[in-house]
Amino acid sequence: MTAVPQERRLVTAIPGPKSQELQARRSAAVAAGVGSVLPVFAARAAGGIVEDVDGNRLIDFGSGIAVTSVGSSAEAVVRRASAQLSDFTHTCFMVTPYEGYVAVAEALAEVTPGDHAKKSALFNSGAEAVENAVKIARSYTKRQAVVVFDHGYHGRTNLTMALTAKNMPYKNGFGPFAPEIYRVPVAYGYRWPTGPENCGPEAAAQAVDQISKQIGAENVAALVIEPVLGEGGFIEPAKGFLPALRKFATENGIVFVADEIQSGFCRTGQWFACEDEGIVPDLITTAKGIAGGLPLAAVTGRAEIMDAAHSGGLGGTYGGNPVACAGALGAIETMKEQDLAARARRIEEVMKGRLAAMQEKFEIIGDVRGRGAMLAVELVEDREGKEPNAAATAALAKACHNAGLLVLTCGTYGNVLRFLPPLVIGEDLLEEGLDILEEAFTQL
Ligand SMILES: Cc1ncc(COP(=O)(O)O)c(C=O)c1O
């Protein structure tokens, strides 16, 4: 691990002068459509700290959007990827294959849910994995329709924009979108009209009814769902919802795809979030946490489904790059050796208690939710009306940033503060980050 002291330190205002200089260069040279949460330029990062070019050290509650679960410079990732870099950087797996790709596929078969025969295909990004899961499901079922859910997020490519629910900023002005995509309700307990206790079964019944009446189950190739919805607001579907949909998919020959790109790899306190209700998906898409920060993604699933696409139909020049594969083997090794699923559960224990106490104190916290180190608070104008409070969310995030705590927002209504610390973060940093957050609520 890079030797970055594991302590918060502010030596300039945020952003500091060197970051501001880089920001000016960035504005002149980088397309405006690529945003950044805060204009602080990174110099080094490790464990629970991101150090910027001015020497400020920020506590990391974002992990580069749930990527650096093992830290941003984990020893096993750096060691294995560096060794691979000096051996060779690329041959293209579709030209002359190499062992690392096969070893990652073997590891995925081992750690993903279910003990059936599994195969994998590797890609570069989450969106690419989701696109390929749809291709594979269509090829296997010989059907075209794809069912997705309210508040779902699956990426920024053309097909995954169509699969994504939220217009701004993901879709606005970028159409036309891919056809044969159908959106149905999701079990969002906090906002379900008849209350969270009825939400799971009622939302499942509505979803099944819409699929049956509006599409026809026999036309559906795949149902694609995040077992904990990420960008849409860290929504855990109310209990019973996922099992009901899993059952419906099985009964109707529909490929059940769990998009675990954000929730996977120990993030929620289990290897994969769908294990929480014992769901075994037919296909699972992974990326983000898979390779300790190197770009890699995968589709893993039932061998007979994965083998449905003809030879040459899947792949890409860089898919399963050997350096990224070496990084993934290092990340998976770290997760096993350090039992990072248990660390995620411990993070939940520490954070949820403090967040619940804050909810008692601060009227604008409508809901505290999530599992493991994938936690969030949803902010409202008042608890009765539950009007989303996006302004307070943005103000709180900014206050945290200024105090040296990196937090992210999300949610269809922009009113969710989400917390995704690296699973290797020290408990002192976790507590200090929560102190900063609490102070920001107090000052609001
Ligand atoms: C659930 C989910 N699916 C897909 C994606 C897209 O992944 P990528 O940004 O690597 O294309 C994301 C990214 O945030 C995600 O959270």
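Q: What should I know about the model before I start?

A: This is a predicted model, where local features need pLDDT of at least 70, side-chain atom pairs count only at pLDDT 80 or more, and totals for chains, interfaces and linings use all residues. Residues are numbered from 1 along each chain as its sequence is written, and side-chain values use heavy atoms, with hydrogens and water left out.

Q: Which residues are around the ligand?

A: A residue is near a molecule if one of its heavy atoms lies within 4 Å of it. Here the residues around the ligand are S125, G126, A127, Y153, H154, G155, E226, E231, D259, I261, Q262 and K288.

Q: How many residues of the shell are nonpolar, polar and charged?

A: Ala, Val, Leu, Ile, Met, Phe, Trp, Tyr, Cys and Pro count as nonpolar, Asp, Glu, Lys and Arg as charged, and the others, Gly among them, as polar. This shell has 3 nonpolar, 5 polar and 4 charged residues.

Q: Which side chain has a polar atom 3.1 Å from an oxygen atom of the ligand?

A: That is K288. A backbone N or O atom of G126 lies 2.8 Å from a ligand oxygen, and for A127 a backbone N or O atom is 2.8 Å from an oxygen of the ligand. Taken alone the ligand exposes 390 Å² (Shrake-Rupley method, 1.4 Å probe), and the protein buries 83% of that.

Q: What area is buried between domain 1 and domain 2?

A: The size of an interface is often given as the accessible area lost when the parts come together. With a 1.4 Å probe and both parts summed, about 3100 Å² is buried between domain 1 and domain 2, and carbon and sulfur atoms give 54% of it.

Q: How many salt bridges are there between domain 1 and domain 2?

A: A salt bridge is a side-chain nitrogen of Lys or Arg within 4 Å of a carboxyl oxygen of Asp or Glu. The count between the two domains is 4.

Terms used:
Polar contact = N/O pair within 3.5 Å; in protein donor to acceptor, adjacent residues only side chain to side chain. Buried area = accessible area lost by both parts, 1.4 Å probe.
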